[in-house]
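Please open the model in the viewer and follow the stops below in order.

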Amino acid sequence: MVSQTLSVDAPLDPAALSASLRPFGDSRMLPPAAYTDPAVFAWEQRHFFDGGWTCVARGEQLPEPGDQRAETIGSGSVLLVRGEDGALRAFANTCRHRGHELLPCGAATQRKGIICPYHSWTYSLSGGILAAAGFKNRPGFDEAAWGLTELPVAEWHGLVFVDGSGTATPLEESLATLDGLVAPYEMGRLRVAARHDYDAAANWKILSENYHECYHCPTIHPELCEVSPPKSGANYALPGPWVGGWMDLRGGMATMSLDGQSHGVPLRGLDETGLRTVLYVHIFPNVLVSLHPDYVMVHRLVPLAPGRTRIECTWAFAPESLEQPGFDPGYAVEFWDITNRQDWNACESVQRGLSSAHARPGPLSAEEDAVYQFVTMVARGYLGDRVWNPGRVAEAAG
Ligand code: FES
Ligand SMILES: [Fe+2]
């Protein structure tokens, strides 16, 4: 429970966080400093992105034994390695000799061992030392003590998560309430057919909050409103470190594309409802999963600075779609690339607006209940409590 005598862990005004935690309908957004202050950003990197499960990749990026790739996580980076046994392992991307990165962030390689590019210390795919030149017979040097630092890793429906803290609740357990909702989409068997990387001049939370409401859709997304009624659907009121909901497709529309038509194959596990809706799910802190009747779009947010976020956007389809002669994922990509850019433009403007000395935390409309869920998760985290959506928003909203 959040105490009303607030002792704040993050460098923010406790009274402002208290206002963010008031019941839905009476609450305020987070204080502007949460989006602009480098000290808050550093706190978030340590506690949100290094402090629990963060999405770092897709399993299909490391299919074979020996596949290795490094990804940013929080204030550092992680080395993902597919072992000879097929298991995926994660190591802190820092050599035990003098700290050189084992691979540059964003790079990938395929090798039977992990070789540091600085003095060539070599580790097995399980992280143990295989060779450290000049140390072999050195008295007191115990090779077993100098293996790579291993971190918990989990593959969940094709997404790879790493727990930088090493102490988080098992991912499958914390996402148990979400599992059944996404299972019919069989994300683990889908294949990425397109990827766009965006660099948005906006805080990662502004991008997240924008994802959680369609209150802005009639104003900035004319294409989206053609295929999906902006007031349709509702948000889930389930507990867990995630926020999400669904929206309907208009009659005659098969998916989210400029003409509402699909050029792929519907996902085989979906029922009638699944074929008429789109699910929008945000797994805290950094992955947005948009589940369509015929494809799954994933936005992975990588915060670079208080006002800057890299967004990796992928579109994945069933193998049956990719096997169609002349299959082109462009129908999905074009629609969302237009919509993404409309969103990033709005988010970048919010970032500039919140940088004003006159910015004050605003109220939330009845259509922004998922924003409330997200904001209260963040506020609880700032207070040193577990980031966990209690799933009571629907009741609070009446
Ligand atoms: S820092 Fe890696 S071998 Fe020296
Ligand atoms: Fe939007």
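Begin with the open sheet of three strands, ordered E6-E7-E8 and paired in the antiparallel sense. Strands E6 (114–115) and E8 (129–131) stand at the edges with a single partner strand each, so one side of each has no neighbour in the sheet. Strands here are DSSP runs of E with at least two residues, helices are runs of H or I with at least four, and both are numbered from the N terminus; two strands pair if DSSP finds at least two bridges between them.

This is a predicted model, in which local features need pLDDT of at least 70, side-chain atom pairs count only at pLDDT 80 or more, and totals for chains, interfaces and linings use all residues. Residues are numbered from 1 along each chain as its sequence is written, chains are lettered from A and ligands numbered from 1 in the order in which they are written, and side-chain values use heavy atoms, leaving out hydrogens and water.

Next, select strand E7 (residues 122–123), which pairs with E8 over two antiparallel bridges. Tyr123 has Ile129 of E8 as its bridge partner.

Strand E3 (residues 76–82) runs antiparallel to E4 and is joined to E4 by five bridges. Between E3 and E4, a hairpin, are five residues; Gly86 in the turn has a positive phi of about 85 degrees.

Finish at strand E9 (residues 150–151), joined to E4 by two antiparallel bridges, where Glu150 is the bridge partner of Phe91.
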